[in-house]
Protein chains: 2
Amino acid sequence: MDKKIRVGIIGYGNLGKGVELSLGQNPDFQLEAIFTRRNPNSLQSDSKIVHISEIENYKGKIDVMILCGGSAADLPEQSPKIASMFNTVDSFDTHAKIPEYFKRLDDVTRKAGTIGLMSVGWDPGIFSLMRLLGQSVLPIGRDYTFWGRGVSQGHSDAIRRIDGVKDGIQYTVPIEAAIDMVRSGENPELSSKEKHERICYVVPEADADREVIKNQIKNMPNYFADYNTTVNFITEEELNRSHKGMPHGGFVIRTGTTGENTKQRIELNLNLDSNPEFTGSVLVAYARAVHRLSKEGQTGARTVLDIPFSYLSPKSGEELRKELL
Amino acid sequence: MDKKIRVGIIGYGNLGKGVELSLGQNPDFQLEAIFTRRNPNSLQSDSKIVHISEIENYKGKIDVMILCGGSAADLPEQSPKIASMFNTVDSFDTHAKIPEYFKRLDDVTRKAGTIGLMSVGWDPGIFSLMRLLGQSVLPIGRDYTFWGRGVSQGHSDAIRRIDGVKDGIQYTVPIEAAIDMVRSGENPELSSKEKHERICYVVPEADADREVIKNQIKNMPNYFADYNTTVNFITEEELNRSHKGMPHGGFVIRTGTTGENTKQRIELNLNLDSNPEFTGSVLVAYARAVHRLSKEGQTGARTVLDIPFSYLSPKSGEELRKELL
């Protein structure tokens with residue numbers, strides 16, 4: 001058996017924990033250390049926890065660093081530094097800034113002789129791959145992305161900032177009738193609000209006026225006002241019992257025509273009990289690809305679009321052809 | 001703009017016609033000629049039709065040959081010959097013989113300095129890719145493939161061989177309850193007959209005994225006896241009106257768990273009005289990858305598992321990152 005792939009995790013939030021879990025399911029990896037900006041002694045884990053300031057000591061001892069920080073503040077600052085010392089994989093997901101982030105990562109990694117694989121996960125990630133496949137195979141057509149049923153952190157935060165709200169959560173839910181219209185191949189023009197509705201579960205303070213809260217949510221510009229929004233009041237117990245998971249998912253649908261009115265459809269659906277655990281699992285599979293690219297002597301920035309699926313598997317090409325084709 | 005990719009089609013049956021249609025949707029290709037074993041004058045097409053015996057004259061004039069023959073007899077004989085002169089892409093789909101076919105194609109193409117991309121289509125092809133992605137991302141889990149609703153040529157032929165049958169067609173149909181059981185994450189053991197039912201449309205001869213035909217179909221070993229089979233008698237007019245398309249499709253579902261009982265599901269569904277037109281479209285997208293690999297100086301046999309999706313698109317990496325990630 002080949003030597004194990006030695007990895008480090010940077011950041012121990014929900015995503016970092018998802019990566020740690022996934023590594024436990026993949027025996028070809030060895031988790032060397034989890035790096036944190038917090039006090040290592042304050043974190044609970046069976047893995048080795050190390051302060052981020054010691055990361056340079058791990059040069060040459062870790063094959064791939066899995067970056068689990070946030071896209072807004074952490075990754076743009078961390079990633080070039082880390083990528084100058086290690087191969088990296090990250091889940092950078094600020095869509096508008098991807099070209100700029102790629103450029104910086106590419107410069108650093110080419111100079112350092114490392115690989116930096118960015119924007120790995122499911123959107124960007126698996127959903128991007130499906131959009132690319134759909135457009136390439138059915139060039140005369142359209143693609144649609146629906147998100148959900150899943151928790152939107154931004155919308156949940158917006159609810160919790162309202163006076164009289166003790167706790168709350170918001171689910172983005174794709175509208176079935178819109179999905180069916182897309183599936184039919186009618187090629188409708190659909191805005192985000194025509195594709196999704198918003199369902200809120202709110203724990204009010206004891207003395208709060210529920211009607212006022214409900215109206216504030218439903219009329220909140222940008223977040224809710226344009227959408228079909230439902231507000232449900234529940235107890236704190238129920239919220240904690242039924243709404244502390246982080247489910248998510250969605251659909252990428254490509255509808256196209258080939259011959260005269262021959263309709264063809266490719267549809268991918270993800271249905272995830274835990275968004276961070278799934279994203280973590282995707283990061284781990286792509287960490288395998290990073291290691292292989294690096295062993296081949298390749299350097300520079302990459303995205304999922306550049307990686308053959310065979311690089312995601314611990315199996316040989318021969319096994320894959322025999323078992324999966 | 002780059003020079004167009006010059007392609008040839010070998011074989012002008014349903015699949016060859018599907019490729020020809022698809023090329024018309026992809027302006028970066030130029031169809032140089034369609035090669036046939038039949039008398040070229042006997043075929044109707046706006047494209048140039050050439051007898052296969054003249055194929056050597058096209059060496060250096062065609063970048064990629066798209067092989068559209070059958071897997072049973074045509075491809076095993078044709079493909080090594082053609083691949084010794086041209087880059088090729090084919091839809092070889094005899095699953096059990098893929099390793100052996102790969103080996104022969106790899107030997108020929110390495111010697112000749114060409115690329116041979118095999119088993120392209122949707123199964124093997126896109127379905128294989130999804131099985132690989134699912135297994136890599138969710139290693140603790142199971143995958144299921146359902147085929148249909150679609151025409152099975154072998155089963156339709158079996159019906160037509162029965163005495164008293166004038167014409168007939170068979171649809172393989174996935175059983176919705178089985179799909180739902182899989183989606184639930186129960187990980188059921190399901191045989192092919194528990195996943196699919198068979199629906200037949202039969203045109204009887206005027207004097208035929210329908211009960212006898214029905215029983216012969218329902219009790220036919222291997223083909224129908226083990227399955228829930230429905231036989232419908234229809235008129236020749238109705239068969240020609242409603243059953244001359246070649247629809248197909250199916251599902252690849254991967255269900256897995258990440259954390260303690262966290263269920264995750266990846267599901268791909270294809271819904272195709274025309275199987276040969278869709279398969280032809282997939283071949284054309286992968287012909288683009290073949291051309292690019294060859295321009296990079298690569299040689300040897302490949303499968304879809306080895307090809308990054310970015311190679312399927314006429315767009316640059318920069319455009320793809322900006323538009324699709």
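Helices are DSSP runs of H or I, at least four residues long, numbered from the N terminus. In the predicted model described here, helix α2 of chain A spans residues 74–83. K81(A) and E77(A) stand 4 residues apart in this helix, so about one helical turn separates them. The two residues form a salt bridge, with the closest N and O atoms 3.1 Å apart. E77(A) is partly exposed, because its relative accessibility is 48%.

Over all chains, the whole structure holds 38 salt bridges. In the first, the side chains of R254(B) and D143(B) meet at 3.2 Å, N to O. D143(B), at 23%, is partly exposed.

E236(B) lies in helix α9 (residues 236–242) of chain B, and K166(B) lies in strand β9 (residues 165–174) of that chain. The pair is 70 residues apart and links distant parts of the chain. E236(B) is partly exposed at 28% relative accessibility. K166(B) is partly exposed at 44%. In chain A, salt bridges also form a network through shared partners. Its members are E176(A), D180(A), R183(A), R265(A) and E267(A).

The interface between the chains was examined next. Contacts involve 61 residues of chain A and 61 residues of chain B. The size of an interface is often given as the accessible area lost when the parts come together. Chain A and chain B bury about 5500 Å² between them. Carbon and sulfur atoms account for 63% of this area. F309(A), L324(A) and L325(A) supply 15% of the area that chain A buries against chain B, more than any other three residues.

Polar contacts, by contrast, number 32 residue pairs between the two chains, counted with both residues at pLDDT 80 or more. Several elements of chain A each supply at least two residues of the side that touches chain B. These elements are α3 (98–112), α4, β13 (263–272), α10 (275–295) and α11 (317–324). The residues on this side of chain A comprise 30 nonpolar, 20 polar and 11 charged.

Strand pairing also crosses between the chains. β13(A) pairs with strand β13 (residues 263–272) of chain B. The sense is antiparallel, and the pairing runs over 9 bridges. Within this pairing, E267(A) has N269(B) of β13(B) as its bridge partner. E267(A) is also a member of the salt-bridge network in chain A.

R131(A) lies in helix α4 (residues 126–137) of chain A. At 9% relative accessibility, R131(A) is buried, because the cut-off is 20%. Beyond neighbours within four places in sequence, R131(A) contacts residues of both chains. D123(A), D143(A), T145(A) and V252(A) are the contacts in chain A, while L324(B) and L325(B) are those in chain B.

Backbone geometry shows some exceptions. Most residues other than glycine have a negative phi, and most peptide bonds are trans. In chain A, the peptide bond from G148(A) to R149(A) is cis, with omega near 0°. R149(A) sits in the loop between β7 (141–147) and β8 (150–151) of chain A. In chain B, the bond from D123(B) to P124(B) is likewise cis, with omega near 0°. P124(B) occupies the loop between β6 (115–118) and α4 (126–137) of chain B.

Positive phi values occur at S119(A) and N222(A). Phi of S119(A) is near 60°. S119(A) lies in the loop between β6 (115–118) and α4 of chain A. S119(A) is buried, with a relative accessible area of 0%. Phi of N222(A) is near 65°. N222(A) is located in the loop between α8 (210–218) and β11 (229–233) of chain A. Whereas S119(A) is buried, N222(A) is exposed at 68% relative accessibility.

Note on methods. Residues numbered from 1 in each chain as written. Chains lettered and ligands numbered in written order. Heavy atoms only, no water. Buried < 20%, exposed > 50% of the residue type's maximum accessible area, 1.4 Å probe, protein only. Contact = heavy atoms within 4.5 Å. Buried area = accessible area lost by both parts, 1.4 Å probe. Polar contact = N/O pair within 3.5 Å; in protein donor to acceptor, adjacent residues only side chain to side chain. Nonpolar A, V, L, I, M, F, W, Y, C, P; charged D, E, K, R; others polar. Pairing = 2+ DSSP bridges. Salt bridge = Lys/Arg side-chain N within 4 Å of Asp/Glu carboxyl O.
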